[in-house]
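Thanks for coming. I will go through one structure today, and I will give the cut-offs as the terms come up. Please have a look at it first.

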Amino acid sequence: MVSSFFQENEFFLDQSRCIGCQACVQACGECDTHRGHAMIHLEYIDRPTGVQTAPVVCMHCEDPTCAKVCPADAIKQDDDGIVHSAAKPRCVSCSNCVIACPFGVPKMNQGYELMMKCDMCYDRTSVGKKPMCATVCPSDALFFGKREEIERIRQEKPVNEFQFGMQTVKTKVNMMTAPEADNVPVDISDFMAGSTFQLPQSRSGAPDAALSAVFELPEIVRLAKDQPVEELHV
Amino acid sequence: MRDIRKKILIFRQETWSGPFTAKTDSSAPHTSERTVTFQVTMSQNAQARALAIGATAALLTVGGIYFGSGQLEHFDPALFWYAIASVLAAFAVGYRFTLWASRPPSRMYFKRALQMLLRSGPKYAAAKAPSAEVEIAKSAAVNFGAQNFIRKRSYFRWIMHLCLSGGCTLAFAVTFPLVFGWIHFGTPLDDAETYQVIAFGITVDTFSIHSVKAFLAFNALNIAAVFVLIGLVMAGYRRLTDAGERAVQTFYEDILPLILIAAVTVTGIALTISYKFFDGLYHGSMVWIHLITVVALIFYIPFGKLFHMFQRSCALAVTAYKKKGGAEAQAKCLVTGEDYAPQRHVDDLKIVLDQLGFNYRYTTEDGQEVHYQDISPKGRRRLIALNQGKALKR
């Protein structure tokens with residue numbers, strides 16, 4: 001039975017709003033259940049060519065792949081739908097969960113022989129407080145609150161369904177996406193290793209850094225194509 | 001199962017080239033029919049196998065008691081109910097262990113460990129193959145004996161766990177052989193001051209009742225109880241004060257085992273205090289209370305937190321598997337282009353995912369399969385963000 005707090009409040013993730021300030025990373029380690037370790041990932045998407053960063057929290061799948069592939073039965077989902085860190089007596093640090101999670105969330109602490117992961121700050125959310133990361137995020141890339149509120153303040157639409165090839169994954173955490181979309185199809189072919197990113201020619205919204213002249217510098221273009229660059233003069 | 005692996009291996013051998021359009025087909029069936037059928041038959045088999053192995057474990061215990069005690073000649077009737085509880089617990093442990101070990105991921109590790117010992121199973125290009133025997137022995141010493149991984153988590157918990165596991169192991173090592181009639185004590189006819197330890201009908205040790213050895217032997221359970229009590233106090237303190245634990249602990253998994261162990265320890269010590277200092281005051285009824293607490297603890301072992309003492313056997317298989325995989329060919333991520341895990345591990349996980357009914361496969365335009373497992377966790381984190389950006393045209 002989902003508690004009333006989780007019925008009223010949901011997690012909404014909009015990675016495109018991330019400004020890479022690392023506040024979430026610092027706050028994450030403060031959580032009692034994380035014991036000083038930041039469980040959130042702040043991913044640099046393609047550092048040589050852009051400034052884009054993305055926070056990655058656990059999406060808390062309805063049917064968690066990590067828990068299913070655990071040989072030790074160590075990963076449990078509670079009544080609120082939160083998928084917890086591996087049970088300390090059970091985890092054998094095999095890394096099945098780390099490699100199998102479709103979102104790349106669990107972290108393996110090899111010394112502890114223990115998988116630890118984002119548990120939506122269960123020490124806080126179980127007593128009616130927001131998760132640390134959503135509390136400190138200045139751009140609301142990480143937002144925890146009521147659905148009506150996010151629908152009122154955003155153009156994007158929250159969805160909780162992802163399509164990985166033939167596998168549909170439903171999650172507790174919502175991802176903000178295009179208003180016409182019902183799910184997030186996860187495409188691989190556009191983002192293969194070695195291929196350079198093609199920015200769309202006409203982009204909606206205000207002109208931004210990605211379109212500025214710096215990205216047309218010959219050195220940057222060579223870097224983006226993985227070609228050797230002698231020295232950068234920016 | 002072999003079919004699936006063959007298919008994946010064939011796919012892996014193909015050198016996959018160039019960009020392609022991955023089709024995301026949500027109308028495709030969630031799992032193939034073959035996988036579903038496999039799951040159903042496996043779970044029925046596992047159930048039957050678990051019952052059979054549980055029954056075998058119980059029968060072995062009965063046989064061990066009957067023959068180990070010299071056809072019940074040295075069986076102590078006062079310990080009858082302990083013996084009955086042990087037989088039932090042996091069944092439950094055998095049953096639960098088999099059901100757990102039959103789950104696809106656990107089964108895979110045990111199978112691979114066995115194959116490593118038998119020098120069979122899938123082969124990968126390797127720099128040097130570490131010996132599975134050495135790895136398993138090393139892991140048993142470091143993880144089971146010294147419990148090094150708990151020390152790294154925290155010294156407090158390490159000492160706590162050593163006290164609890166060491167004390168309980170000592171107590172069980174004393175009581176089970178006594179309950180089963182495997183060990184009994186005697187004195188030579190001409191010398192009441194000398195004590196004999198007789199195991200399986202053979203006198204293995206003789207010592208004076210005034211020796212240090214005698215003191216240790218007579219007080220083994222009391223010594224164990226002191227260690228367990230220290231561990232219990234530490235564990236109780238942690239359960240009451242650690243905010244992280246308090247947020248996620250449950251009564252059945254985390255509090256009940258402490259209460260059960262405490263009940264056994266306290267009633268056990270009370271028996272000693274009763275006959276040593278109070279001329280056996282309430283000793284008769286205390287014996288029954290102690291019996292009830294011990295039986296409750298023995299029945300809890302297969303069904304709760306304490307089952308980890310059996311489950312951790314999987315850690316031995318995993319350590320050897322990781323060492324072997326580390327020396328072998330590594331999988332290269334399709335998105336980041338970096339090595340991220342042993343190829344063996346990635347391939348085995350694909351089999352496990354199939355058995356569990358997950359299908360993270362993509363098809364390329366020319367009908368080739370691409371598995372999402374071929375992308376590293378880091379690559380996946382980037383993919384999700386890039387795809388969100390693509391959907392939002394940002």
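Of the 394 residues of chain B, 31% count as buried; buried means 20 or more other C-beta atoms within 10 Å of the residue's own, exposed means 12 or fewer, partly exposed is in between, and the C-beta atoms are placed from the backbone. Before going on: this is a predicted model, where local features need pLDDT of at least 70 and side-chain atom pairs count only at pLDDT 80 or more, while totals for chains, interfaces and linings use all residues. Residues are numbered from 1 along each chain as its sequence is written, with chains lettered from A and ligands numbered from 1 in the order in which they are written.

Chain B has 16 helices and seven strands. These are DSSP runs numbered from the N terminus, helices being H or I with at least four residues and strands E with at least two. Contacts are pairs with C-beta atoms, placed from the backbone, within 7 Å. Among the contacts in chain B with a separation of 6 or more, 66% are between residues 24 or more positions apart.

Now the cores. A nonpolar core is a set of buried Ala, Val, Leu, Ile, Met, Phe, Trp, Tyr and Cys residues joined through C-beta atoms within 7 Å. The largest one holds 99 residues, and A:Cys28, A:Ile40, A:Val57, A:Cys97, A:Cys133 and A:Leu142 touch the most other members. Helix 14 of chain B, residues 313–326, supplies the largest share of this core, seven residues. Leaving out residues up to four places away in sequence, A:Val57 touches A:Leu13, A:Ile40, A:Cys118, A:Cys133, A:Leu142 and A:Val173. Another core, of 31 residues, lies apart from that one and includes B:Tyr95 and B:Ile298.

Next, the sheet in chain A. It is open, has five strands in the order 6-1-8-7-9, and its pairing is mixed; strands pair if DSSP finds at least two bridges between them. Which strands stand at the edges? Strand 6 (142–145) and strand 9 (184–185) do, each with a single partner strand, so one side of each has no neighbour in the sheet. Strand 7, residues 157–164, runs parallel to strand 9 and is joined to it by two bridges. A:Phe162 stands opposite A:Val184 in strand 9.

Last, two backbone angles. A:Asp140 is not a glycine, yet its phi is positive, about 55 degrees. A:Asp140 sits in the loop between helix 6 (132–136) and strand 6 of chain A. B:Gln71 also has a positive phi, near 50 degrees, and lies in the loop between helix 2 (33–68) and helix 3 (80–101) of chain B.

Conventions
Two residues are in contact if their C-beta atoms, placed from the backbone, lie within 7 Å.
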